[in-house]
Amino acid sequence: MAGQVSQKQFFQNLKKYYTFYTGGFIAFVILVGILEQMGVPNKMLGYMFLFATILLYAGIGFMAKTADVSEYYVAGRRVPALFNGMATGADWMSAASFIGMAGTLYLSGYDGLAFVMGWTGGYCLVALFLAPYLRKFGQFTIPDFLGARFGGNIPRSIGVFAAVLCSFTYVIAQIYGVGIITSRFTGLEFGIGVFVGLAGILVCSFLGGMKAVTWTQVAQYIILIVAYMIPVVWLSVKHTGNPIPQISAYVSALPKVTELEKQFNDKTTPKGAAEESVRAIFRERAAAADAKLKGLEAGGASFLAEEKKKLEDKVAELKATSADAKKTDVAEKAVKEFPADAAAAKAKWAADKSGNTAKAAPVAAHAEPFAAKDEAARNIKKKNFLALILCLMVGTAALPHILMRYYTTPSVKEARQSVFWSLFFIFLLYFTAPALAILVKFEIYNNLVGSSFAQLPAWVSNWQAVDKTLLFLQDVNMDGIVQRAEIAIGGDIVVLATPEIAGLPYVITGLVAAGGLAAALSTADGLLLTIAHALSHDVYYKMIDPNAPTTRRLVVSKVLLLIVALIAAYVTSLKPGNILFLVGAAFSLAAAAFFPSLVLGIFWRRANKLGAILGMTSGLGVTMYYMYMTYPFFGVNAPLWWDIAPISSGIFGIPVGILGVIIGSLISPAPSKEVQELVDHVRYPNLEGDISTVGT
Amino acid sequence: MAFQLTQKHHDYWTKNLRVTAILLSIWFVATFVVGWYARELNEITIIGPLGFYMGAQGSLIIYVAIIWYYARYMNNLDQEYGVHEGEDE
């Protein structure tokens with residue numbers, strides 16, 4: 001990408017390169033498809049996809065290597081709006097969006113739409129409040145803006161701390177996704193998969209920083225959107241004859257799903273009666289667990305010993321009568337797995353009780369918002385739904401790795417257009433996910449339910465063999481027929497198994513895996529770069545050694561990138577916490593820490609240093625406090641405030657942060673004339689005799 | 001060098017604030033009002049139950065339109081008030 005060509009020519013060249021690239025990628029997929037027909041085993045195909053795509057990203061990363069500070073930090077500020085949109089799309093859509101989203105929607109129906117709305121609507125806030133102004137400011141990082149606008153190292157340092165905290169939380173979720181995908185499709189161990197993925201992340205960003213990451217992200221976006229669309233369109237054609245899943249799902253599939261849900265819940269229909277017989281068994285199991293819990297409470301250790309004795313007697317009796325060996329095995333296993341002490345027994349039986357109670361419940365209607373037993377419970381669900389949307393939206397408009405992308409466009413005008421393209425490219429995937437969830441639900445309710453256990457479809461047995469948490473069928477009432485209540489499903493299966501459900505060859509499954517990998521790698525890249533930039537640019541260059549020469553700044557940045565990546569991979573290999581919670585936590589933290597100070601810094605001239613310090617610390621503090629007190633992982637389990645779940649703890653942090661900025665600013669003197677000029681400077685794309693804040 | 005803001009600049013900013021406020025209210029209705037009344041909206045059927053359809057698709061289309069309109073409006077406003085940037089800088 002030569003330095004001298006005009007922006008117009010550059011744009012034309014980019015279009016040519018990426019058209020060529022897309023054609024090449026499709027040719028590669030076809031080639032792998034031909035190899036599959038020739039009998040190459042699936043595992044080999046999986047490896048081909050994994051290594052070919054990582055090699056491709058490495059190639060782009062190598063071609064975009066740079067020793068220029070502006071290119072390393074902000075891709076030389078010449079990424080056209082359209083391409084920055086694609087790069088932002090890839091940066092944005094993580095493994096959670098690509099693989100998890102449709103599954104969440106399958107499992108929670110309407111209530112899962114909080115993620116769809118939250119992760120798209122947030123871009124309205126980015127467009128209206130931040131992107132154009134940050135582009136005019138035009139330095140390298142988000143803490144840069146805090147440092148310049150509020151003055152001094154304290155706001156900048158808090159910014160660095162918050163940027164590292166939320167990006168690190170988020171990056172762990174991404175590397176976890178990379179590990180899962182590589183291990184599932186190539187059979188590598190999870191820990192090794194994490195480090196293979198890490199290599200993939202580093203080859204993109206190490207040599208070329210933001211410039212390399214931008215051009216690989218564009219390439220990754222193309223792969224992930226192709227990989228997402230092909231199976232869904234195919235599935236839609238197969239089920240409804242309509243090639244537009246976003247229409248067919250609502251017009252043809254949803255009414256049928258709703259009709260089936262009604263039958264499942266109505267005992268007078270044949271399907272409902274069969275479901276009821278399964279539910280009755282689950283209810284019995286829940287009641288048995290409940291009885292044991294009560295017995296334990298009354299009898300304590302002696303009750304536990306008695307229960308164990310009963311099981312042992314049963315084994316002895318079975319052995320004596322020498323019935324069938326299978327039954328004896330089951331009984332022996334029950335003795336072996338019998339909880340060792342009262343605490344373990346209580347935990348196990350409580351889990352049995354709640355698990356079986358859930359399985360015995362009627363089917364929730366997919367399209368019904370806030371389904372619950374009474375008005376009060378519905379209101380709690382509604383409140384949490386809206387609170388989660390707000391946290392995700394404000395968090396979107398505060399996550400540094402996204403905001404940073406708008407530093408890379410050539411002008412304020414293109415920054416505005418670029419937000420449009422970003423959301424457009426994100427929208428393509430997000431408005432497909434709910435349709436996919438409905439189409440898969442239709443397949444399962446209509447075709448899998450009612451089929452015979454002796455002749456399950458091939459995809460069911462395949463995925464059951466891979467991982468029982470993804471899909472597990474058990475003939476509970478022993479009638480040989482699959483009932484809805486006998487299917488236990490993990491969300492990720494929805495995207496992963498779609499190609500097979502649609503009857504597509506394995507090559508498309510490989511393509512979906514490559515798409516998931518692209519989604520996880522691109523997000524991880526952006527996040528690691530954000531952390532390394534905050535540490536090398538804001539801490540090292542701006543605070544420790546402002547006279548550092550260019551070469552040393554880049555060396556420091558690269559070394560930090562490597563260290564952060566290794567720490568992140570190490571933490572990930574310990575498998576901490578729940579992915580969805582990590583992601584949600586990152587949004588709440590970013591929302592409370594950055595949004596109030598950034599937006600008020602632009603729109604309220606009077607906001608000053610003390611305000612920013614107070615706003616950021618109080619917002620972040622309240623959010624972290626609430627998370628710590630209520631999220632079960634930390635073990636405190638304090639009562640909830642107004643029934644708000646810990647994932648939405650930003651709902652308390654955001655208003656506190658805004659108040660903090662306002663109060664702190666009003667009790668201390670107005671900002672200096674220079675700062676007020678800076679505010680004017682960011683508000684107008686171009687002014688006569690303007691000051692310059694462009695970073696070098 | 002310092003710069004002086006003229007009345008024209010203030011008008012530009014006021015117009016910016018106005019369009020921002022209008023688009024933000026549309027965003028608010030498309031998100032929170034639609035979410036709050038989702039159960040009621042589901043009684044109406046347009047391409048599926050309306051409450052569900054809005055969350056899955058309708059509101060998203062509104063978001064894309066909001067950003068598209070803002071970019072177009074502001075880029076024209078820049079020209080009109082002479083605060084646009086040079087071409088191909």
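Author: A helix here is a DSSP run of H or I with at least four residues, and helices are numbered from the N terminus. Keep that in mind for Y70(B), which sits in helix α3 of chain B. One caution before we start: this is a predicted model.

Reader: Then confidence comes first. What is the mean pLDDT of chain A?

Author: pLDDT is the predictor's confidence in each residue, from 0 to 100. Chain A averages 84, and 98% of its residues reach 70 or more. Chain B has a mean of 86, with 93% of its residues at 70 or more. For the complex, the predictor gives an ipTM of 0.93 and a pTM of 0.88.

Reader: Where in chain A is confidence lowest, and where is it highest?

Author: Go helix by helix. The lowest is α14 (residues 325–336) of chain A, with a mean of 76. The highest is α18 (residues 412–430) of chain A, at 92.

Reader: Now the overall build. How many helices and strands does chain A have?

Author: Chain A has 27 helices and two strands. Chain B has three helices and zero strands. Read from the N terminus, the elements of chain B run α-α-α.

Reader: What share of the residues counts as buried in chain A, and what share in chain B?

Author: In chain A, 52% of the 696 residues count as buried. In chain B, 31% of the 89 residues do.

Reader: Which residues have the most contacts inside the largest nonpolar core?

Author: That core has 230 residues. Those with the most contacts inside it are I175(A), L224(A), V394(A), L528(A), A590(A) and I67(B). Its largest share, 19 residues, comes from helix α22 (residues 506–544) of chain A. Take one member up close. A590(A) touches C166(A), G395(A), A398(A) and L399(A), leaving aside residues up to four places away in sequence.

Reader: Show me how to read one helix. Which residues of α23(A) are buried?

Author: Start with the general idea. An α-helix has 3.6 residues a turn, so residues three or four places apart point the same way. Now the case here. Helix α23 (residues 550–573) of chain A has 24 residues. From first C-alpha to last it reaches 35 Å, close to the 34 Å expected at 1.5 Å a residue. Its buried residues are V556(A), S557(A), L560(A), L561(A), V564(A), A565(A), A568(A), A569(A) and T572(A).

Reader: What do the buried residues of α23(A) pack against?

Author: They pack against three helices of chain A: α8 (153–186), α9 (190–205) and α22.

Reader: Next, the two chains together. How many residues of chain B are in contact with chain A?

Author: 43 residues of chain B are in contact with 49 residues of chain A. On the side of chain B, α1 (7–36), α2 (38–41) and α3 (50–80) each give two or more residues. The largest share, 18 residues, comes from α3(B). By class, this side has 26 nonpolar, 12 polar and five charged residues.

Reader: Back to Y70(B). Is Y70(B) buried or exposed?

Author: Count its neighbours; the cut-off for buried is 20 or more other C-beta atoms within 10 Å. Y70(B) has 22, so Y70(B) is buried. It touches A127(A), L128(A) and R416(A), and also V19(B) and L23(B), not counting residues up to four places away in sequence.

Reader: How many residues apart in sequence are Y70(B) and T20(B)?

Author: They are 50 residues apart in sequence, yet 7.9 Å apart in space, C-alpha to C-alpha.

Reader: Last, the backbone angles. Which loop holds F370(A)?

Author: F370(A) lies in the loop between α15 (342–360) and α16 (375–396) of chain A. Its phi is positive, about 50°, although F370(A) is not a glycine. F370(A) is partly exposed, with 19 other C-beta atoms within 10 Å.

Reader: And what is phi of M478(A) near?

Author: Phi of M478(A) is near 55°, a positive value in a residue other than glycine. M478(A) is placed in the loop between β1 (471–473) and β2 (487–489) of chain A. With 9 other C-beta atoms within 10 Å, M478(A) is exposed.

Definitions and conventions: Residues are numbered from 1 along each chain as its sequence is written. Chains are lettered from A and ligands numbered from 1 in the order in which they are written. This is a predicted model: local features need pLDDT of at least 70, side-chain atom pairs count only at pLDDT 80 or more; totals for chains, interfaces and linings use all residues. A nonpolar core is a set of buried Ala, Val, Leu, Ile, Met, Phe, Trp, Tyr and Cys residues joined through C-beta atoms within 7 Å. A residue is buried if 20 or more other C-beta atoms lie within 10 Å of its own, exposed if 12 or fewer, and partly exposed in between; C-beta atoms are placed from the backbone. Two residues are in contact if their C-beta atoms, placed from the backbone, lie within 7 Å. Ala, Val, Leu, Ile, Met, Phe, Trp, Tyr, Cys and Pro count as nonpolar, Asp, Glu, Lys and Arg as charged, and the others, Gly among them, as polar. The expected span of a helix is 1.5 Å times one less than its number of residues.
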